[in-house]
Amino acid sequence: MTRTNLVKGLAWIGLAIACWVPLFSVAKRTLPYLDAFALGSVRYLLGVALFVLLLVAFEGRRALRYEGRLGAATLYGVIGITGFNLFVWLGLGLTRPEHASIILALQTPLTALAVWAVRAQRPAAFTLGCVVVAFAGVVLVITKGDPHVVIAGGEVFGDLLIFCGALSWMTYTLAGAWRFPGWSPLRMTVLTCIPGTVGLLAANLAAIFLGLSVIPSPQEIAALSWQILYFSVGTVVLGVLGFNAAARRLGPLNTMLMLNFVPIGVFGIEAALGRSFAAIEILGALVVIGALVANNLYLRGVSTSR
């Protein structure tokens with residue numbers, strides 16, 4: 001890795017982290033005014049429009065063609081974009097931002113388990129140990145050492161929905177690596193986000209018909225203008241582009257390692273906003289992050305020694 005790539009990669013991942021750290025705290029406080037269905041739709045309508053413009057600008061109009069992969073792009077776009085947004089925003093309405101960030105941090109060990117299940121590539125014993133430790137840390141954060149507290153408070157259902165969101169995004173990430181060879185990260189993102197956004201709009205319309213969602217008024221949209229701009233431009237466009245550009249320069253292992261700053265940042269924001277944490281919650285978060293970092297460093301060592 002050259003010094004130039006290192007500096008540029010750190011700058012790109014720094015941008016992604018800065019965009020994603022406030023996401024759950026801002027979304028949690030936006031959901032009372034913009035429900036989960038509307039949040040996903042509004043977030044991606046503007047985000048996809050900007051993505052299409054970027055794709056045409058960098059790769060030309062031909063890059064908008066699916067070339068026989070519309071079915072696969074639709075399937076994984078609905079799983080990743082539609083599924084992730086619906087599960088996470090519905091779940092966040094029932095649980096806490098720090099829970100969401102810690103649960104979503106499990107995507108790295110979940111990916112290792114998925115590769116094992118799909119391609120029979122058994123992870124190393126050290127990686128499996130880190131997976132077990134990371135899951136144990138998440139349990140400590142969620143339960144605070146007392147499962148009855150979570151069940152009584154109703155947060156467990158929200159946590160389960162967010163876990164389903166993590167599974168959705170993990171599936172989408174693996175599809176990007178396995179199902180779309182020859183497509184640039186930007187092209188894959190745009191051509192899967194389009195059907196994913198259609199899925200969000202369809203779910204939103206169904207929710208409105210069933211009385212589970214309402215169409216936000218122009219006044220409500222205007223009142224939430226900075227949040228919507230942040231969700232669309234910050235978390236969708238800049239966040240995703242920053243992550244993909246960093247992965248190209250730093251490699252996926254180093255990039256995923258840097259993303260461990262996201263749950264740390266979420267805990268910091270919630271503390272600054274007045275949330276108090278039990279010692280066992282902090283311990284659980286440190287256990288999760290420590291396990292993920294240890295596994296990342298182990299995999300880097302294995303990769304370097306080959």
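**Exercise 1. Find which helices each supply at least two residues of the lining of the second largest pocket, and describe that pocket.**

Step 1. Helix 3, helix 10 (185-209) and helix 12 each contribute at least two lining residues to the second largest pocket. Helices here are DSSP runs (H or I, at least four residues), numbered from the N terminus. A pocket is found on a 1 Å grid over the protein atoms alone, as an open set of points with protein on both sides within 12 Å along at least five of seven lines; lining residues have an atom within 4 Å of a point.

Step 2. The model is predicted: local features need pLDDT of at least 70, side-chain atom pairs count only at pLDDT 80 or more, and totals for chains, interfaces and linings use all residues. Residues are numbered from 1 along each chain as its sequence is written, and side-chain values use heavy atoms, with hydrogens and water left out.

Step 3. Helix 12 provides the largest share of this lining, four residues. The lining includes Trp12, Phe58, Glu59, Leu241, Asn244, Ala245 and Arg248.

Step 4. By class, the lining has seven nonpolar, two polar and two charged residues. Ala, Val, Leu, Ile, Met, Phe, Trp, Tyr, Cys and Pro count as nonpolar, Asp, Glu, Lys and Arg as charged, and the others, Gly among them, as polar.

Step 5. The pocket holds about 270 Å³ of space, where a volume is the space filled by probe spheres set on grid points joined across faces, edges and corners.

**Exercise 2. Locate the kink in helix 12 and state what follows the helix.**

Step 1. Helix 12 covers residues 225-250 and has a kink of about 30° centred on Gly239. The bend at a residue is the angle between axes fitted to the seven residues ending there and the seven starting there.

Step 2. After helix 12 comes Gly251, with a positive phi near 90°.

**Exercise 3. Describe the largest cavity and its lining.**

Step 1. Searching the whole structure gives one cavity of 30 Å³ or more. A cavity is a set of grid points where a 1.4 Å probe fits but cannot get out.

Step 2. The volume of the largest cavity is about 50 Å³. Among the residues lining this cavity are Thr108, Cys130, Val131, Ala291 and Asn295.

Step 3. Helix 7 gives the most to this lining, four residues. The lining contains six nonpolar, three polar and no charged residues.

**Exercise 4. Identify the residues that touch the most other members of the largest nonpolar core.**

Step 1. A nonpolar core is a set of buried Ala, Val, Leu, Ile, Met, Phe, Trp, Tyr and Cys residues joined through side-chain atoms within 4.5 Å. Buried means under 20% relative accessible area, exposed over 50%, and partly exposed in between (1.4 Å probe, protein chains only).

Step 2. The largest core has 78 residues, of which Phe24 and Trp89 touch the most other members. Helix 3 (residues 36-59) gives the most to this core, nine residues.

Step 3. Beyond four places in sequence, the contacts (heavy atoms within 4.5 Å) of Trp89 include Phe24, Leu39 and Arg43.

**Exercise 5. Is Glu67 buried or exposed, and where does Glu67 lie?**

Step 1. Glu67 sits in the loop between helix 3 and helix 4 (70-92).

Step 2. Its relative accessibility is 53%, so Glu67 counts as exposed.

Step 3. Glu67 has a positive phi, near 50°, although the residue is not glycine. Most residues other than glycine have a negative phi.
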